[in-house]
Amino acid sequence: MEHNMDVYDVSDDLVKKLNDWKLIGIISGKFNELKENYRKVDFVERALIDFKYMEKIFMNVTLREDKCNKRSVEFRMLGNEQFSLKNRKYFQALELYNKSICYAEPNSEHLSIGYANRSAVLFEWKRYRECLANIELARTANYPARLSHKLDKRERDCQQLLEQQRPDVVPYEFKLGFDPHAQVPHIADCLELRESADEGRFVVTNRDLVVGDMVAVEQPFCSTLLPPMRYIRCATCKRENYLTLIPCDSCCSVMFCSEECKQQATSTYHRYECPIIDFLHRMFNKIHGIALRTTLAALDLFPSIEELMTFCDQPQNQHKCAFDLDYGQLTRQEQYRAIHGLVTNQHLRSVSDLFQRSVVCAVLKHFIIEYTPLKDYLGGEEGMNFFTDLLFRHLQTSSSNMHGIDLVEQVNETKDDQTHSSGAYAFLSMLNHSCAPNTLRIYEGTKAYLFVLRPIKAGNVLYDNYGAHFAIFSKQQRLDTLSMQYRFDCKCEGCELDYPTFGRMPHKATVPSVTDDTDMKSLGAYNYDFAASNYRKYCDFLTQYGAAYPCEQISSAEECLKMALHIMVDAVPLKAKM
């Protein structure tokens, strides 16, 4: 196992070893006989300890990088280079200065110099409000007197130019286009929950819907920031406040946009993630990350583990969904009932799937219990078993029920650069997948809006897209992804009728074009006024010509509509506005 291993390498290596030693039959037989999930996980954990895997991980993977002035200075120098006159790469400079701020040792001058350097970038970038905030941060962090004349001058210049900075975009407040649903006030009253043997739970509308109708708005139960975003966004509220982020006092991989967000994190989930933060980022993917965070958020609902155990054991808190909650008093506990009730599909899973998940769970559990304060909270064996069961449960539900929170599509950025967080959404997880979806999720921060993307007749099902869209991926690619990650064989219209990808899509003579180069130019420049005054035009076109789907004109209009809505909720990264 090489230096850059992740948890799946551990799992593959263990299985290979069991095969080589002709033990796989015995081991998987025993594994299969164990009834409770925590017993399965403990069984696998024992094997990982016996075969020296835990030791190997501990030797090879840093649990948490230490604060280090030497590295802080290195990152600052790299930042200076990006900021220099010949480069002028402000975004890259800021990210490196943020890294430098994170690595600075407490009470060293390097923290304040990091803030001061950040203020210099913002001054050049004409972000005077944020520049002043950084000057304030630098002073509070004991900026060295020998340098203060530079800071004083920048502050004076800044105050004179402050009026020139335009106010920030205020995101458009979309309102539900319908009366609120009697049970679930943040969704439209025309939506109904149905259930069938084939499709599981799904959502239908009891009246005709047109493109652009906003039918649901939802805040997640919890969300996690993806590791590449750690020096760009606040770990708590996920806002892109990299102009004024402050570091965690103990680790070098988490930043916050305010003392409030910092306080909130350190008193809850970050207490347990912080001591092993770099190990978590290195060994696990975003699905594991949101599963752990959901579990830690559940532990936070009650003062003691016993109360949470009692809560989860009550029949009225099992197999519940977004339609079962009491929204009159929507406490965090109440919200969690619908997340806890997401389907695990355990009975459909193969032994090898469950074994691999048990390895993931065992490694996570072992390290979080050994090296963080969590074991004090869990108390004895009963608490540990319960925690293991709960983590295993969320590891099963998170792969198909967590949503990536993304931004406007940018030219020459990969999809990874547009998704910044993962979130656990009780209502949105009720929607089934289609490769040719008729709804669209747009995020303002972590708040999700659900829009109608294709006309939907009364009695028909609402479909979301889990990332495998027919216009981008071939049928075979989609089927592979969906059966691997979500355990289902897709039978949507896009697959059954084998719709062509965008490059091979017909241009239908009977359908006019609603978009031209001006649209792409203005939207590509993130022009808010253009988006706000044109988005209805795309909606009406898509409603009127819905029957001609799929064709090139419709796909182009869908893309323009997506961009316009992203611009209106300001889901545009600052980097793109430079």
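Two strands count as paired if DSSP finds at least two bridges between them. Helices (H or I, at least four residues) and strands (E, at least two) are DSSP runs, numbered from the N terminus. The model is predicted, so that local features need pLDDT of at least 70 and side-chain atom pairs count only at pLDDT 80 or more, while totals for chains, interfaces and linings use all residues. Residues are numbered from 1 along each chain as its sequence is written, and side-chain values use heavy atoms, with hydrogens and water left out.

**Exercise 1. Determine the strand order of the sheet that contains β4, and describe its pairings.**

Step 1. The sheet is open, has three strands in the order β4-β8-β7, and pairs them in the antiparallel sense. Its edge strands, each pairing on one side only, are β4 (223-225) and β7 (402-406). On average, neighbouring strands are turned by 25° against each other, direction ignored; here axes are lines fitted to C-alpha atoms, for helices over the stretch in contact, and angles run from 0 to 180 degrees between N-to-C directions.

Step 2. Strand β8 (residues 419-424) is joined to β4 by three bridges, and to β7 by five bridges. S422 in β8 is the bridge partner of T224 and also of G404.

Step 3. Six of the six residues of β8 are buried, where buried means under 20% relative accessible area, exposed over 50%, and partly exposed in between (1.4 Å probe, protein chains only).

**Exercise 2. Describe the cavities of 30 Å³ or more and their linings.**

Step 1. On a 1 Å grid over the protein atoms alone, a cavity is a set of points where a 1.4 Å probe fits but cannot get out, and lining residues have an atom within 4 Å of a point. Grid points are joined across faces, edges and corners, and a volume is the space filled by probe spheres set on the points. The structure holds two such cavities of 30 Å³ or more.

Step 2. The largest cavity has a volume of about 330 Å³. Of its 24 lining residues, T224, L225, E273, H281 and R293 lie nearest its centre. Two or more lining residues come from each of β4, α11 (269-273), α12 (277-283) and α13 (286-299); α13 gives the largest share, six residues. By class, the lining has 13 nonpolar, seven polar and four charged residues.

Step 3. The second largest cavity, of about 30 Å³, is lined by L453, R454, P455, L542, Y545, G546, Y549, I554 and E558. Six of these are nonpolar, one is polar and two are charged.

**Exercise 3. Describe the sheet that contains β10 and the helix that lies across it.**

Step 1. This open sheet has three strands in the order β3-β11-β10, with antiparallel pairing. Its edge strands are β3 (214-218) and β10 (439-444), and the twist averages 20° from one strand to the next.

Step 2. Between β10 and β11 (residues 447-452) there are six bridges, and R441 stands opposite L450.

Step 3. Helix α24 (residues 552-568) lies across β10 and β11, and runs at about 25° to β10.

**Exercise 4. Explain why Q335 counts as buried, and list what it touches.**

Step 1. Q335 belongs to helix α15 (residues 332-340). Q335 counts as buried because its relative accessibility is 17%.

Step 2. Leaving aside residues up to four places away in sequence, Q335 touches Q219, P220, F221, L325 and L330, where contact means heavy atoms within 4.5 Å.

Methods:
On a 1 Å grid over the protein atoms alone, a cavity is a set of points where a 1.4 Å probe fits but cannot get out, and a pocket is an open set with protein on both sides within 12 Å along at least five of seven lines; lining residues have an atom within 4 Å of a point. Ala, Val, Leu, Ile, Met, Phe, Trp, Tyr, Cys and Pro count as nonpolar, Asp, Glu, Lys and Arg as charged, and the others, Gly among them, as polar.
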